[in-house]
Amino acid sequence: MTSIHIAMQVFGVIIFLYMAAVILSYSIMFVLAFRTLRRERSLDRRELDARFVDAFYSKPVTILVPAYNEETGVIATVHSLLNLDYPQTELLVIDDGSKDGTAAVVIEQFDMVRARKSVDPQLATKPVKEVYRSRIHPNLWLIRKENGGKGDALNVGINFARYSYFCTIDGDSILDESSLLRVMKPIIMSDGKVIAAGGNVRIVNGMDVEYGAVSSTKLSGKPFVVMQIVEYLRAFLMGRIALSKYNLVLIISGAFSVFSKKPVIRAGGYNTTTIGEDMEMVVKLQRMLKEDKLGGRIEFVPDPVCWTEAPQTISVLRKQRRRWHQGLLESLWAHRKMTFNPKYGAVGMISVPYFWLIECLGPVIELAGYVYVITAFFMGGIYYEYAVALVLLLVLYGTVFSMGAVLLESWSLGTFPKIHNVFRMMLLTLTEVVWYRPLTLIWRVEGLVRSIFRISSWGDMERVGATGTKGAGK
Amino acid sequence: MSIRKNSEVIEGAFFRYVFNLLRANVLRDRRTMSLVLLREERGDSRIARMLKEKLTEMLREKDVLFETEHPDEIGLLLPNSGKEEAVGFLQRLQKVCPGMECGPFQAAILEVYHPELTSENALAICRKAMAEPQGQDGIHFVHVESGLDRPVLEVKVSILDGDRLFRELLQMAVERIDLAGVRLQVRTFADGLVLSQSDWTDSWHPHLVVMSDVLPKRNGLDVLHELRKMPNQEKFTILMMTRHNSEEDMIYAYESGTDGYLLKPFNLRLFEAQVKRMLAGLWS
Amino acid sequence: MIGLPIEWIAALIIVLVVALAVFTLYMVIERHRENKRTLLAATYLNNNRIGWYDYLRTDGVPEDHLIPRNDAEVKAVEELFRMLVHNVKEDGMEERISGFANRWMSGFYRKKLNGRNWGERMNALYRIYDFGIDSLTVDCRDMAKKSISEEEFFLLLLIDMKFYPETFVRDNLLELCALSANDAKELLFRMQEATFEETVCHFDELELTIQYALVDVIGMKLDATYVPFLETQFNTKDSELRIRVLRAYNSLGIVPVVTVYEAAVESDVWQERHQAAKMLKWLPQQSAVRYAAHFEKDDMFLVREEAKLFSTASSIEDQVSPLVAAAAEDEGWLLDTQSPDGKGGDQI
């Protein structure tokens, strides 16, 4: 047997075993998610909302909306945030040196005037230019600052925040009326033991949106968008719910999450140099919780929904995926010390390795699987068998799980009430394996390669982690 | 209230013109005007003239003094005054002129609020109703009814809340409020946007708005500001409903122009009483 | 062959696909039934709105067609009652809701209460509490004996408190200690006055966390009758309790007696001094100025800040300094481990 054949066989077995392991871990998470959802499926969540809407039991929240060139979406976002059913909020729109008319439209729409707002500069940021306050909604502020990236904008927001909890919303996202109340639920219920919580992000494309309210849930006609919807469902069902159950969360979406201000300041605020500042923050917090033995929790909450705009074109989608993967790898790398480190408990032993092996490395191996299948078909002979086995696994991994996710979602939460929408999503997932999946894999690997270059050019990455944990105590 | 030294006394065609003008104001501002007709019982025009002199000194600027074709008669138009105010005025008048110039006088008081009541009719009704001569000094007055009902006032009511069942409940409660002279047109809205996009708020009708502070699309504060920015915003009476027991928010809402606040859950009878009070306050 | 179990995978996929198909079918049927139920409920509400209005707002017996004939109609009535309970209150309405629910809906909720689904049980408990279905209290007490979730436990306590206020403290005092601080606060805040007083009498038997919650609730209730109680509690050695007591004074807007205030001013614990500094604005001018001068020399940044805030007497337009506000609202686990002035965490 030639060395090529040996290599082929060895690779085949490795890929096969890896895929099987991934499928197994996804299955476990799927089952866990299923059990949680079945338990809570028929719960009338309005009852809990009604309990917490009373100002006595809830905690006031400062909402931060970092906006960079968001002149089209920001008004709807602010409207949706003004309409939140929550006793006490303060809303800060942070214009991160936009080049378009973001600040102008906000000032005009909400009748804003220059104002003074006291600030507690615990985090170093780029200079703030001016502060405005609305004459219609006294809790609405606009802060204009020099461009410094999303992390920097959020840090400015934290400095200006009046309340001890803050909520981050992307400048193009929309919240449901009860979303903030529901995402705050674990924090309120746990007497502050939960220091951060993230909500469920959904794609708004195709829905009717008017003044920041989703008036009807329709399914977008574009296959690209529908595929992304399915992808979001999968991520949330086969990951977040299960991880949250055991305090293993490393990602809560920056598009919609709440944090307790103190630990964030203690952790040094958002990192302004990394790409995925939202993930980096969560990892940093988890690390701090363990290092300083603070015993807090970070949770993912499935029912508060945040609607966000998904990329409509391939090039934007590609950029987004590349960025995500870069962010993932950089956060993991910055905190690589945690990997398989028993000091960090389950997070170090399960969560971080899971993200390394499955989320980060997964695309490489899956892509290798695709390449292998094609090669094997060309080489013929006994490799047919490998190829068939791998194809089956890919189908199982892609299509079957996706369909399951769509079904489970529509059974438990029922975002799309029309059954034909559900069918369309399921039909589309049948084709996923041959176009959408490989495309995103390529983009993610691209991101991986890019960040390897970025990291090596960065030099001393340790620095990021070090300042990160020491935090405000300088 | 400034007191002029000498009021003009008007008569004839000019009086008719002023009467029509003031009657139109009555309808627009929903403020009753009173017509008072005084007659020297014995037909002594000299005494009537002396009282007229006295009156020119004590009338308010907006009050109108007029003469009729009978020299023993003095007429008064008192805008923004119901019959209670008119009676009070006559009593004051009697007090300041206890002597010769006052009496014996017959007086008739008529409230003017109907668009079809002409000045001639009004005077005729007054004359007909005046009491028999009594011979005693002083002013003897009677109340006179024009026989016309108050014109029915169309009032619009908008109810804004996110909960359909609650909207319907409030609608039923409001529709069952029965007040003479007021006709209610009730409409409900699920969000603030529908209201501001409709032409429902454009008409001149007095308008009662009952709304939640939390509404989809455009919330209560937004709607409040928009209504209060409209050119004829005085026509709105605004009641806010809230679930949030936050004094800060309430203060701000009052400062922004809300007329009342209801903290959910609230008493339906209290709500009805507030609405009734607001409707009753429309005519004064 | 190295034993790639192709047949196995294929079989697995087939099994999964079949399962998915079955599940899909089930879901389609379920959706269909759900839609039908929704429609039924909507028609019921539409047909009976006036009947319901008349029944709820006037005395009398419900007309026959108001009585729900199936689950969908029970759900419709439930929606109506929910709306009423959350939005309006009126003499007699509560009794009519409770009477109707007891007579015509308790069977439905009993079934749900004994069901296996946690969500359904929770819903039933909420309704029993909201609609005052006292005919199910026995079932609830039976349920409390089984192993139940934390959430159910809390609701069962609430229900017990609503229907048996006289015996509540005797029966449940120890159970209270199993509650989280937040739940305890909510329960205590909703307590009827007599029950609350009784609980206060048993203060010493409560767990620390519940004691804290109780003191907090006294502050929330804005009821000055408990000031003597607060005064006695300030003698405790537990510094956290003392801080809470001072915070309650603060939220009541009442200055404690001189001995207590002096003790707080001279305390080694900065949070106590901080609370004392917050009371400056209610002190008589003369002593306030004297204490403010004292606080301005404090080691702790927050205390100094509070004193400065008082001295400069900033206009109402100004925002409260975020730091001060944050410290005031914090229930916080981090306050104890971190000093907010950033000099290191060794303050306590």
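At roughly what angle do the axes of helix H7 (residues 150-163) and helix H8 (residues 168-176) of chain C cross? In this predicted model, the axes of these two helices cross at roughly 165° and come within 10 Å. An angle over 145 degrees counts as roughly antiparallel, so H7(C) and H8(C) are roughly antiparallel to each other. Their crossing is left-handed. On the H7(C) side the contact is formed by Leu157(C), Asp160(C) and Met161(C), which meet Phe168(C), Asn172(C) and Glu175(C) of H8(C). Sorted by class, this contact has 3 nonpolar, 1 polar and 2 charged residues.

**Chain C as a whole**

Chain C contains 18 helices and 1 strand. It has 348 residues, of which 33% count as buried. Among the contacts in chain C with a separation of 6 or more, 63% are between residues 24 or more positions apart.

**Helix pairs in chain A**

In general, two packed helices are described by the angle between their axes and the distance between the axes.

Helix H3 (residues 74-82) and helix H4 (residues 102-109) of chain A cross at roughly 45°, and their axes come within 10 Å. That angle makes H3(A) oblique to H4(A). The crossing of H3(A) past H4(A) is right-handed. From H3(A), the contact takes in Val74(A), Ile75(A) and Val78(A); from H4(A), Thr102(A), Val105(A), Val106(A) and Gln109(A). The residues of this contact are 5 nonpolar and 2 polar, with no charged ones.

Helix H12 (residues 362-379) and helix H13 (residues 383-412) of chain A pack with their axes 8 Å apart, at an angle of about 150°. This makes H12(A) roughly antiparallel to H13(A). H12(A) passes H13(A) in a left-handed crossing. The residues of H12(A) in the contact are Gly369(A), Tyr372(A), Val373(A), Ala376(A), Phe377(A) and Met379(A), and they meet Tyr383(A), Tyr384(A), Tyr386(A), Ala387(A), Leu390(A), Val391(A) and Leu394(A) of H13(A).

| Helix pair | Angle | Axes |
|---|---|---|
| H3(A) and H4(A) | roughly 45° | within 10 Å |
| H12(A) and H13(A) | about 150° | 8 Å apart |
| H7(C) and H8(C) | roughly 165° | within 10 Å |

Helix H5 of chain B covers residues 164-175, 12 residues in total. From its first C-alpha to its last, H5(B) reaches 16 Å, close to the 16 Å expected at 1.5 Å a residue. Its buried residues are Phe166(B), Arg167(B), Glu168(B), Leu169(B), Leu170(B), Ala173(B) and Val174(B). The cover over these residues draws on two chains: it includes strand E7 (153-160), strand E8 (182-189), strand E9 (207-212) and helix H9 (268-280) of chain B, along with helix H1 (6-57) and helix H2 (71-87) of chain C.

Where the two chains meet, 11 residues of chain B are in contact with 10 residues of chain C. On the chain B side, H5, strand E12 (266-267) and H9 each supply at least two residues. H5(B) gives the largest share of that side, 4 residues. The chain B side divides into 6 nonpolar, 1 polar and 4 charged residues.

**Backbone details in loops**

A cis peptide bond joins Lys264(B) and Pro265(B), with omega about -5°. Pro265(B) sits in the loop between strand E11 (260-263) and E12 of chain B.

Two residues other than glycine have a positive phi: Phe340(A), with phi near 50°, and Lys217(B), with phi near 65°. Phe340(A) is in the loop between helix H10 (314-334) and helix H11 (345-360) of chain A, while Lys217(B) is in the loop between E9 and helix H7 (220-229) of chain B. Is Phe340(A) buried or exposed? Phe340(A) has 11 other C-beta atoms within 10 Å, and is therefore exposed, since the cut-off for exposed is 12 or fewer. Lys217(B) has 22 C-beta neighbours inside 10 Å and so counts as buried, the cut-off being 20 or more.

Note on methods:
Residues are numbered from 1 along each chain as its sequence is written. Chains are lettered from A and ligands numbered from 1 in the order in which they are written. This is a predicted model: local features need pLDDT of at least 70, side-chain atom pairs count only at pLDDT 80 or more; totals for chains, interfaces and linings use all residues. Axes are lines fitted to C-alpha atoms, for helices over the stretch in contact, and angles run from 0 to 180 degrees between N-to-C directions. Angles under 35 degrees count as roughly parallel, over 145 as roughly antiparallel, 65 to 115 as roughly perpendicular and the rest as oblique. A crossing is left-handed if the near helix is turned anticlockwise from the far one by less than a right angle, and right-handed if clockwise. Two residues are in contact if their C-beta atoms, placed from the backbone, lie within 7 Å. Ala, Val, Leu, Ile, Met, Phe, Trp, Tyr, Cys and Pro count as nonpolar, Asp, Glu, Lys and Arg as charged, and the others, Gly among them, as polar. The expected span of a helix is 1.5 Å times one less than its number of residues.
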